[in-house]
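Please look at the sequence and the model below, and keep both at hand while reading the report that follows.

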Amino acid sequence: MSAEATNPATPGPVVPAAPRRRSRPRIDLRRLGRAALLGPASRGRLPDAIGHVVEAHRAHHPDADLEPLHRAYVLAESSHRGQMRKSGEPYITHPLAVTLILAELGAETTTLTASLLHDTVEDTEVTLDQVGEQFGAEVRYLVDGVTKLEKVDYGAAAEPETFRKMLVATGSDVRVMSIKLADRLHNMRTLGVMRPEKQERIAKVTREILIPLAERLGVQALKTELEDLVFAILHPEEYEHTRELIIDNASRADDPLAEFSEAMRTVLRDAGIQAEVLIRPRHFVSVHRASRKRGRMRGADFGRLLVLVNEDADCYAVLGELHTCMTPVVSEFKDFIAVPKFNLYQSLHTAVAREDGQVAEVLIRTHQMHKVAEAGVVALGNPYTAPAEEQTREGAPADGERVDPTRPGWLSRLLDWQEAAPDPDTFWSTLREDLAQDREITVFRPDGGTLGLPDGATCVDAAYEQYGEDAHACIGARVNGRLATLSTVLRDGDTVQLLMGQDPASEPSREWLEHAHTPAARIAIQRWLATHPAPAEHSVPEEGSAPEGSPVPEEGSGAAPARTAADAATTDAPAARPGAAITVVDRPDASVRLAGCCTPVPLDEVTGFAVRGGVVTVHRAECAAVARMANAGRDEVDVRWGDTTGCRVTLVAESFGRPHLLADLTEAMALEGAEIVSATVEPPTQQRVRHTYTVQLPDAAHLPTLIRAMRNVPGVYDVDRAQHHASSSSGTT
């Protein structure tokens with residue numbers, strides 16, 4: 001299926017290169033068309049025009065029943081008779097060519113039958129009901145899935161709505177998209193008869209929609225040829241330059257890849273490993289990308305080596321031998337067998353080098369892996385034909401219920417968000433954006449479930465993936481056990497716990513749009529914002545809320561903390577007498593002051609330092625200021641607690657912003673017997689709010705209980721004494 005051999009729009013001659021695989025000679029579609037015009041062959045024998053399809057089909061399915069293909073060809077040929085393509089060929093050559101592409105990939109009989117009929121309903125008098133009556137419900141479904149919507153009915157929306165229809169059908173049966181991809185490939189091969197502007201338009205849609213879909217469905221054989229055809233049309237100068245590079249390399253006397261392959265065969269033969277070593281020339285776009293990345297291309301850069309074995313274990317045996325007997329490039333190793341790609345692809349990737357600096361990339365896979373790597377979902381056959389034991393098992397799907405085991409996670413997400421995008425323009429632009437994200441990651445939920453997300457997804461995307469529009473109430477997340485902002489970008493294998501608010505009035509932030517990468521998240525947020533007007537820049541504080549203040553700085557930072565009058569009177573001002581709270585061992589008459597940076601309470605281990613004015617400032621022993629004051633030469637004073645158990649302490653609470661949070665938090669504190677002396681609430685930053693409270697407790701032993709009660713308030717994710725927050729605030733995200 002070489003692009004250069006069949007596309008009239010491709011500049012230049014066919015590049016001499018080693019074939020990817022042994023294949024039959026290129027089929028003359030004009031000859032097939034003339035044969036088709038002669039009508040079906042004699043009774044009991046398939047027409048000559050479909051003989052090539054049968055040959056390819058038999059190679060993959062030797063026991064296939066060919067009778068449906070016979071009948072489908074007869075119907076397609078008779079219904080299309082008299083119709084011609086723009087190239088001048090009889091129209092029947094097109095469904096024949098599309099069916100041959102799928103037959104070479106290994107598609108089963110039902111797919112090939114539908115492929116022969118895929119244009120009959122759209123371009124002839126044949127109806128879907130007739131297709132269903134003659135060929136059954138599955139063929140009818142596939143033909144309907146690829147039938148375009150009429151421009152007369154849909155106008156400019158016909159193309160996006162046709163793709164929407166095909167994607168919805170693909171959600172129930174991936175064979176729909178297989179037929180569409182083969183259809184587009186043959187049309188691209190013969191695009192040279194079109195006007196240049198139409199070639200460019202079709203090539204752009206192919207690049208933005210069809211090629212990403214081929215990649216996601218794992219159909220690499222179609223994807224690579226489509227890429228080359230699009231490359232030739234949209235970037236003719238770069239294509240010509242790449243073509244010259246390939247021609248120059250083909251004219252070289254030596255072939256490093258052939259030398260590498262022979263060395264590998266020797267290594268594997270000596271190790272007793274049965275393997276086939278093949279040279280896989282890079283296609284045009286791959287050579288272009290490699291040349292941009294590496295600069296000057298060397299002989300081994302124009303292809304890869306493919307090692308095919310029988311069993312999975314043999315793949316690792318081959319890897320071990322190559323790494324032992326040759327020089328491996330360790331950074332190039334990737335294991336897509338243990339961790340397959342989201343599009344079913346499995347292989348071991350490595351690279352080996354030789355003394356002259358030539359490096360050969362090596363792909364190691366089984367024959368079955370290779371079949372799936374080339375044909376993707378096409379190689380899986382009919383997804384609805386369950387094994388015999390499953391067909392007889394109790395609880396098997398009822399007749400007519402379509403449960404596709406091959407439906408990938410990305411397709412499920414696409415089907416979900418497209419329902420929320422009724423506008424064709426929104427659907428079309430969002431589809432392009434979604435398909436541009438060509439890598440998928442898997443993150444884990446705490447309950448052991450998984451979420452499939454595109455690479456670059458954030459906690460916002462994970463929330464909407466798991467909860468749908470209920471994610472509006474999400475107030476935060478823990479990633480791998482640590483608190484994280486909703487803007488945190490997730491990595492493959494992360495564990496994500498989403499923290500949901502209890503208040504039904506919770507709402508998404510407008511900032512979330514900046515961090516939403518999946519269409520489902522963006523559409524849900526945009527729809528909510530469209531129905532809720534933007535709030536005023538300066539809102540009236542909630543009744544009973546404290547005034548907004550500035551962050552509590554670290555001691556020694558040079559910045560003065562924002563405090564209420566009560567703070568100044570009770571936290572930093574020297575006490576008239578130490579009384580029963582603190583006793584200065586050697587100075588019973590000294591005035592004392594409890595340090596505002598760590599707010600020591602009874603039962604804390606404390607120490608004191610003499611400061612100006614004869615005052616002794618008391619710190620918790622683990623306070624960071626203790627070391628700084630000792631290093632500065634301050635005199636340390638022996639202090640101890642008196643008989644009282646009451647205390648005054650400053651607590652810092654970190655929370656996610658939500659309505660009524662302040663009321664809930666202060667209520668929880670009051671229930672624990674805490675008297676709030678002062679409070680400051682900072683302006684929200686990235687949906688996070690910092691509260692600072694100075695409270696009076698009748699008994700310091702109640703402090704741990706108070707902190708737990710505050711942490712249990714929905715939306716609050718951390719509460720601690722002032723020192724701990726101040727010493728770590730610079731690292732908070």
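Helix H27 (residues 624-631) lies across strand S14 and strand S15 (616-620), and H27 runs at about 135 degrees to S15. Here helices (H or I, at least four residues) and strands (E, at least two) are DSSP runs, numbered from the N terminus, while axes are lines fitted to C-alpha atoms, for helices over the stretch in contact, with angles that run from 0 to 180 degrees between N-to-C directions. This is a predicted model, in which local features need pLDDT of at least 70 and side-chain atom pairs count only at pLDDT 80 or more, whereas totals for chains, interfaces and linings use all residues. Residues are numbered from 1 along each chain as its sequence is written, and side-chain values use heavy atoms, with hydrogens and water left out.

S14 and S15 belong to an open sheet of four strands, in the order S13-S15-S14-S16, whose pairing is mixed; two strands pair if DSSP finds at least two bridges between them. Strand S13 (592-594) and strand S16 (636-637) stand at the edges with a single partner strand each, so one side of each has no neighbour in the sheet. Within this sheet, Gly608 stands opposite Val637 in S16.

Strand S9 (residues 474-479) has two antiparallel partners, S11 and S10.

| Strand | Partner | Sense | Bridges |
|---|---|---|---|
| S9 (residues 474-479) | S11 (residues 496-500) | antiparallel | five bridges |
| S9 | S10 (residues 482-484) | antiparallel | three bridges |
| S14 (residues 606-610) | S16 | antiparallel | two bridges |

S9 is mostly covered, since five of its six residues are buried, where buried means under 20% relative accessible area, exposed over 50%, and partly exposed in between (1.4 Å probe, protein chains only).

Most residues other than glycine have a negative phi. Asn480 is partly exposed, with a relative accessible area of 42%.

Turning to helix packing, the axes of helix H12 (residues 175-189) and helix H14 (residues 220-234) come within 10 Å and cross at roughly 35 degrees. Residues of H12, including Leu181, Leu185 and Met188, meet residues of H14, among them Leu222, Leu226 and Ile233, where contact means heavy atoms within 4.5 Å.

Met188 is also one of the residues, with Leu117, Ile209 and Leu431, that touch the most other members of the largest nonpolar core, which has 79 residues. A nonpolar core is a set of buried Ala, Val, Leu, Ile, Met, Phe, Trp, Tyr and Cys residues joined through side-chain atoms within 4.5 Å. The largest share of this core, eight residues, comes from helix H13 (residues 196-216). Apart from this core lies another, of 26 residues, with Leu451, Ala471, Ile525 and Trp528 among them.

Taken as a whole, the protein has 30 helices and 21 strands, and 48% of its 733 residues count as buried.
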